[in-house]
There are 2 protein chains.
Amino acid sequence: MNIKALAAFGAKQALQPFEYNPGPLGSEQVEIAVESCGLCHSDLSMLDNDWGMTTYPFVPGHEIIGRVVALGEHTKRVKIGDRVGLGWFSGSCGECAQCLSGNQNLCLKVEATIIGRHGGFATRVRAQWTWCNPLPEGVDAGKAGPLLCGGITVFNPIVQFGIKPTDSVAVIGIGGLGHMALKFLRAWGCDVTAFTTSDSKREEALRLGAHRTLNSRNADELAKAVGSFDFILNTANADLDWNTYIAALKPKGRLHTVGAVPSPIALGAFPMILGQKSLSGSPLGSPATTDSMLQFSARHGIAPTTETFPMSRVNDALEHLRSGKARYRIVLTNDLA
Amino acid sequence: MNIKALAAFGAKQALQPFEYNPGPLGSEQVEIAVESCGLCHSDLSMLDNDWGMTTYPFVPGHEIIGRVVALGEHTKRVKIGDRVGLGWFSGSCGECAQCLSGNQNLCLKVEATIIGRHGGFATRVRAQWTWCNPLPEGVDAGKAGPLLCGGITVFNPIVQFGIKPTDSVAVIGIGGLGHMALKFLRAWGCDVTAFTTSDSKREEALRLGAHRTLNSRNADELAKAVGSFDFILNTANADLDWNTYIAALKPKGRLHTVGAVPSPIALGAFPMILGQKSLSGSPLGSPATTDSMLQFSARHGIAPTTETFPMSRVNDALEHLRSGKARYRIVLTNDLA
């Protein structure tokens with residue numbers, strides 16, 4: 001059966017209806033009937049070929065919620081009818097040291113849902129069973145899509161680096177990723193600061209979970225923040241004054257980026273040495289970490305703050321995202337048929 | 001009683017005899033009769049005022065072995081006659097969060113043995129009791145001085161970042177610090193690689209503990225090393241091709257510098273993100289970590305590889321160090337009187 005999708009036929013072009021034949025279902029693959037799909041900045045970056053690795057026709061969509069409708073013969077973990085989430089990753093080798101250690105997200109052969117294959121702006125999508133995360137009771141399926149990419153991207157470092165409820169943490173960039181980071185870190189029990197670039201975002205940041213905000217364009221506020229944080233999470237895809245953020249860390253603190261910062265991050269060695277500080281990055285999480293996030297979200301009633309568009313209006317939604325007005329994540333409800 | 005010392009009276013000048021009156025012994029201070037003192041690159045940097053914080057007359061020396069000869073009224077941990085080691089740090093506040101957590105080396109008020117006070121090229125030197133590390137049985141006092149600065153500098157990150165005997169590790173820079181790193185990491189049970197800049201250092205590196213060497217100027221060898229290491233320890237005070245070393249890390253790997261690299265370290269965000277990699281730095285270790293190092297060294301028969309000069313020939317020793325010919329650490333035996 002052909003899959004109906006929305007595809008771009010060249011960089012920066014509008015999406016238009018597109019059908020493709022997915023061929024026989026792989027033995028480890030699950031087929032998912034897409035109910036909804038979040039819209040992520042990475043969809044835009046891939047659509048625009050910003051990373052030079054897009055092939056066209058290109059079907060975006062990697063924050064997928066749907067029902068399992070077909071199973072390959074060597075699948076596990078899900079059964080027909082299950083509601084699952086599928087994110088940026090859709091396959092891994094299963095046999096390398098990283099896969100065997102539970103770090104399937106670090107597998108060198110990891111497959112991405114929208115790289116070299118078609119994504120979730122479609123009636124159906126396929127993925128290796130490993131990456132189909134069953135949605136637990138208590139997660140709002142209509143809002144959950146963005147957890148599978150934006151959400152796990154910011155939840156993963158909290159787990160990977162052992163952030164503790166006693167830690168003082170800060171988030172840079174209050175957007176699609178950052179707003180979820182504030183929610184997670186507040187529920188995690190931390191003392192949470194939001195770095196903002198304008199005082200107008202203050203109220204929003206407090207509502208999302210920050211205990212306070214710091215205006216990163218205010219030199220006085222930054223000077224007072226020296227030595228304050230155990231963990232600073234950057235979610236912005238922007239070049240920042242990194243050494244100022246390093247100075248804002250406590251001894252043993254970590255500046256961590258999940259934002260795809262364009263220019264190299266240049267840090268003086270002395271502050272890193274004297275304060276035993278770290279810089280790091282991380283991709284999306286493993287299937288097990290994603291399961292943990294979904295359970296944590298259900299227990300704490302955490303959902304992305306979303307705006308909804310019908311999938312057929314994807315071009316309007318893309319324009320809304322490009323304009324920077326999305327608050328904070330767009331979910332497309334599937335009306336393709 | 002005046003202390004007889006060797007001091008420089010200006011940047012880059014030869015050391016000459018110098019006497020000073022240390023005043024009354026502080027209540028938390030221990031006075032040590034210096035038996036020997038290592039000569040470290042930081043002594044040269046301070047002598048030359050490379051860091052812009054040297055005051056003259058300047059008495060170098062911060063890899064001190066000696067006997068306790070006087071105790072302030074509020075001292076603990078050591079008694080008269082004990083043989084102790086004293087390194088870069090000689091005091092900390094004792095009451096801040098870092099001190100109370102056992103991270104006295106990260107105390108913001110930490111005192112350095114040769115900054116704003118006189119060091120160990122002298123008959124006697126003083127330090128807070130906290131920083132006087134009793135020398136365990138089995139440590140060769142005549143060679144142990146360099147453990148207190150160079151040694152603990154490379155041992156500390158092994159402890160701080162939980163390096164495991166199953167890890168593949170590499171060391172950049174086979175000098176005063178790097179040669180001890182090879183010995184420690186080999187005894188730690190790791191798979192140990194030494195990065196060298198010339199094939200002529202290969203045999204030495206193997207003798208010091210490396211299982212193999214990699215010539216960092218050989219592009220083919222570096223290309224083969226991609227994804228190889230859990231931990232790369234830089235001990236060189238030099239600007240290097242950092243992104244190549246990041247590429248040489250396994251997923252979750254860490255590039256750590258104890259070398260005071262002159263220019264900012266500039267790293268692309270994408271490799272850090274995709275492989276969940278870290279960059280970090282660290283100073284010398286805490287008193288407890290230093291004690292662990294001394295016990296580990298005694299148990300494994302680890303000693304710095306040293307050359308010995310009488311302290312009165314300190315200017316010859318400084319010249320030998322400046323020439324880059326020291327193999328690998330110079331110890332001055334005290335003949336001042």
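The following dialogue explains how to read several features of a predicted model.

Trainee: Which domains does the assignment give for chain A?

Mentor: Domain bounds come from an automatic or database domain assignment. For chain A, domain 1 covers 3-149 + 303-333 and domain 2 covers 152-281. Their centres, taken over C-alpha atoms, are separated by 28 Å. Contact means heavy atoms within 4.5 Å; eleven residues of domain 1 of chain A are in contact with 14 residues of domain 2 of chain A.

Trainee: At what angle do the axes of helix α5 and helix α10 of chain A cross?

Mentor: Helices (H or I, at least four residues) and strands (E, at least two) are DSSP runs, numbered from the N terminus. Axes are lines fitted to C-alpha atoms, for helices over the stretch in contact, and angles run from 0 to 180 degrees between N-to-C directions. The axes of α5 (residues 178-188) and α10 (residues 287-300) of chain A come within 11 Å and cross at roughly 75°. Angles under 35 degrees count as roughly parallel, over 145 as roughly antiparallel, 65 to 115 as roughly perpendicular and the rest as oblique. The helices α5(A) and α10(A) are therefore roughly perpendicular to each other.

Trainee: Which residues meet there?

Mentor: From α5(A), A:Phe184, A:Ala187 and A:Trp188 meet A:Met293, A:Phe296, A:Ser297 and A:His300 of α10(A). By class, this contact has five nonpolar, two polar and no charged residues. Here Ala, Val, Leu, Ile, Met, Phe, Trp, Tyr, Cys and Pro count as nonpolar, Asp, Glu, Lys and Arg as charged, and the others, Gly among them, as polar.

Trainee: How is helix α10 of chain B described, and which of its residues are buried?

Mentor: The expected span of a helix is 1.5 Å times one less than its number of residues. Helix α10 (residues 287-300) of chain B has 14 residues and reaches 20 Å from its first C-alpha to its last, close to the 20 Å expected. Buried means under 20% relative accessible area, exposed over 50%, and partly exposed in between (1.4 Å probe, protein chains only). The buried residues of α10(B) include B:Pro287, B:Met293, B:Leu294 and B:Phe296. Its buried residues pack against β9 (133-134), α4 (150-160) and α5 (178-187) of chain B. Just after α10(B), B:Gly301 takes a positive phi of about 60°.

Trainee: Which residues other than glycine have a positive phi, and are they buried or exposed?

Mentor: Most residues other than glycine have a negative phi, and most peptide bonds are trans. A:Lys12 has a positive phi of about 65° and lies in the loop between β1 (3-7) and β2 (16-20) of chain A. A:Lys12 is exposed, with a relative accessible area of 59%. B:Gln276 has a positive phi of about 45°, and B:Gln276 is buried at 4%.

Trainee: Where are cis peptide bonds found?

Mentor: One joins A:Tyr56 and A:Pro57, with omega about 0°. Another runs from B:Arg327 to B:Tyr328, with omega near -10°.

Terms used
Residues numbered from 1 in each chain as written. Chains lettered and ligands numbered in written order. Predicted model: local features only at pLDDT ≥ 70, side-chain atom pairs only at ≥ 80, totals over all residues. Heavy atoms only, no water.
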